[in-house]
Amino acid sequence: MFIHITKVIEDLKLDVIVKGDEEKKVTISNINRPGLQLSGFFDYFAHERIQVLGKAEMSYLEQLEPLERDERLKHYFSFDMPCLVFSRDLYPSEEIIKLAEEKKIWIVRTKKLTTRIISIIMNYLDRELAEETMVHGVLCDIYGLGILIVGESGIGKSETALELIKRGHRLVTDDAVNIKNIDQHLLGRSPYITEGMIEVRGLGIIDVPSLYGLSSIRKEKYIDFVIQLEKWQEGKNYDRLGSSDDYMDILGVKKRKIVLPVMPGRNLAVIIETAAVNHRYKVMGEESPIDKIERRMMETR
């Protein structure tokens, strides 16, 4: 995975001082503060990272003798770096600007504090460079929980999502769910082209926010668990106690999966709402229904 440095600069609204190579790519989410390098230590120099220079680095450079400073900077700029970011609205010296222009290395700056811009860049790159996949299904925000609804085509995923929207819940995406693994948490969102749209067989494509308001959708949501819809199979042993430990593996992250059989007369929207509340109940560490039944059985003996 990579992202062009031009997109990083544009998205983070950084001010360009020196325009570098437009084909330059960023492949690592970590950043580097070159304090050690400016002091002359270049072993283990992570030059492939975005470089952030703050007041400490600039103050150190200013107290060096001119010849020593010139030598350190030339050595520093001999490495192929994607970008130098100056925080606190600091402006690089003419010496730095000249070297950056010669090496076609981007120099940008921001008014933000050094620690703040480091946090912003790392969080941004963590999301942009995260491992990604696409899953066929529907993602909804139900009572604050991200529920991924999967199942074979025509099983009723979109219709169920529409009913959930009518009941006040929010749609993230229908049909295609783009999922990123961010620190072992799965973030789902809609492809840009179909954002806010839902396809209902017989009606066609529906613009959800136009019909139900902007509060009926959200751009992204972390996935808490998965509900798989499947046609009722006579004789299959479906979970009746809520004690099954089924999981769905997405990008190496296992999420609890509930299998709901679809048959006439079942209100799937209500069942999914209940599943969301029940999941939160279990996460909060409350006594499960099975444990409660077992406790009551012991009390009656």
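Mentor: Let us begin with helix 6, residues 114–128, which has 15 residues and reaches 21 Å from its first C-alpha to its last, close to the 21 Å expected at 1.5 Å a residue. That expected span is 1.5 Å times one less than the number of residues. Helices (H or I, at least four residues) and strands (E, at least two) are DSSP runs, numbered from the N terminus. This is a predicted model, in which local features need pLDDT of at least 70 and side-chain atom pairs count only at pLDDT 80 or more, while totals for chains, interfaces and linings use all residues. Residues are numbered from 1 along each chain as its sequence is written, and side-chain values use heavy atoms, with hydrogens and water left out.

Trainee: Which residues of helix 6 are buried?

Mentor: An α-helix has 3.6 residues a turn, so residues three or four places apart point the same way. In helix 6 the buried residues (under 20% relative accessible area; exposed is over 50%, partly exposed in between; 1.4 Å probe, protein chains only) are Thr114, Ile117, Ile118, Ile120, Ile121, Tyr124 and Leu125. They line one face of the helix, because they fall within an arc of 165° seen down its axis. The arc is that of the directions from the helix axis to the C-beta atoms.

Trainee: What covers the buried residues of helix 3?

Mentor: The buried residues of helix 3 (residues 55–63) are Glu57, Met58 and Leu61. Their arc around the axis is only 95°, so they sit on the same side of helix 3. Their cover, judged by contact (heavy atoms within 4.5 Å), includes helix 2, strand 5, helix 4, strand 6 and helix 5. The face turned away from that buried side carries the exposed residues Lys55, Ala56, Glu62 and Gln63.

Trainee: Where are Asp183 and Leu251 found, and what is the phi of Asp183?

Mentor: Most residues other than glycine have a negative phi. Phi of Asp183 is near 55°, a positive value, and Asp183 is found in the loop between strand 12 and strand 13. Leu251 has a positive phi of about 55° although it is not a glycine, and lies in the loop between strand 18 and strand 19. Asp183 is exposed, with a relative accessible area of 60%, whereas Leu251 is buried at 19%.

Trainee: Is Leu36 buried or exposed?

Mentor: Leu36, placed in helix 2 (residues 35–38), counts as exposed because its relative accessibility is 52%.
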